[in-house]
Amino acid sequence: MSYYENAINIMSERFGKDSLIAIATTDGERMHNRMVDALFVDGAFYVSTYALSNKMKQVEANPEVAICAVDWFTGHGIAKNLGWVLKPENADIRTKLREAFEWYDHANNEQDENCCILEIRLTDGMLIKDHHAIRYQVDFNNKSALLSENWGEFK
């Protein structure tokens, strides 16, 4: 198994459920950071949110974001508003979000067309395992990763 496949497996185990991540955006002058519940699926984090929120306005102006997960991952990605949760093309990810987030129906008004899905397609990141004994430097665009063990050189 490749380093990239190992990293993706770890990401899926850790974040393929309701996971807290911080998303950093910019309004062009200042950085803004907030914690959100997210779900990792196939190289992206997904968030149920509101299209008129400041976060979504900032993503629309500049889709490049930085994220940090509580469970030893930091990285960058391109954020995109996938639109209303009830759009037919969102059916698969909506189902996954509803399964992962037990609170989903209590926090979202799906009849409001501003209830949307934010996709953060990861570009790169650093995944840490075993308290820094193993680090993966992940390139999601090229589906590759480098490995460092015990703070050694990346190989």
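Visitor: In this predicted model, which residue of S2 does Ile21 stand opposite?
Guide: The model is predicted, and in it Ile21 has its opposite residue in S2. Strand S1 covers residues 19-26 and strand S2 covers residues 31-41, and the two pair in the antiparallel sense over 8 bridges. The residue that stands opposite Ile21 is Val36.

Visitor: Which residue in the turn between S1 and S2 has a positive phi?
Guide: S1 and S2 form a hairpin, and 4 residues lie between the two strands. The turn residue whose phi is positive, at about 100°, is Gly28.

Visitor: What is the bridge partner of Leu39 in S3?
Guide: Strand S3, residues 44-50, runs antiparallel to S2 and is joined to it by 3 bridges. These two strands also form a hairpin with 2 residues between them, where Asp42 takes a positive phi near 50°. Within S3, the bridge partner of Leu39 is Tyr46.

Visitor: How many bridges pair S5 with S6?
Guide: Strand S6 comprises residues 115-129 and pairs with S5 in the antiparallel sense. One of the facing positions is that of His76, which stands opposite Asp124 in S6. The number of bridges in the pairing of S5 and S6 is 10.

Visitor: Is Lys55 buried or exposed?
Guide: Lys55 has its place in helix H2, which spans residues 54-61. Not counting residues up to four places away in sequence, Lys55 touches Ile23, Arg34, Val36, Thr49 and Leu118. Its relative accessibility is 12%, and since buried means under 20%, Lys55 counts as buried.

Visitor: What is the relative accessible area of Lys129?
Guide: Lys129 lies in strand S6, and, leaving aside its neighbours within four places in sequence, Lys129 is in contact with Ile10, Arg14 and Ile134. The C-alpha atoms of Lys129 and Phe15, which are 114 residues apart along the chain, are separated by 14 Å. Lys129 is partly exposed, and its relative accessible area is 31%.

Visitor: Why is the protein as compact as a globular protein of that length, and what is its radius of gyration?
Guide: The protein has 4 helices and 8 strands, and from the N terminus on its elements run α-β-β-β-α-β-β-α-α-β-β-β. For 155 residues the globule rule gives 15 Å, and the value for the protein is close to this, so the protein is as compact as a globular protein of that length. The radius of gyration is 16 Å.

Visitor: What percentage of the contacts in the protein with a separation of 6 or more comes from residues 24 or more positions apart?
Guide: The C-alpha atoms fill a box of roughly 50 × 35 × 25 Å along the principal axes, and buried residues make up 46% of the 155 residues. Among the contacts with a separation of 6 or more, the part that residues 24 or more positions apart account for is 59%.

Visitor: How far apart do the centres of the positive and negative side chains lie?
Guide: The accessible surface of the protein comes to about 8,600 Å², and 48% of this surface belongs to carbon and sulfur atoms. The charged side chains number 16 positive and 24 negative. The distance between the centres of these two sets is 1 Å.

Terms used
Residues numbered from 1 in each chain as written. Predicted model: local features only at pLDDT ≥ 70, side-chain atom pairs only at ≥ 80, totals over all residues. Heavy atoms only, no water. Pairing = 2+ DSSP bridges. Rg over C-alpha atoms; globule rule 2.2 N^0.38 Å. Buried < 20%, exposed > 50% of the residue type's maximum accessible area, 1.4 Å probe, protein only. Contact = heavy atoms within 4.5 Å. Areas by Shrake-Rupley, 256 points an atom, 1.4 Å probe, with all protein chains shown as cover. Lys, Arg positive; Asp, Glu negative; His and termini not counted. Charge placed at Lys NZ, Arg CZ, Asp CG, Glu CD.
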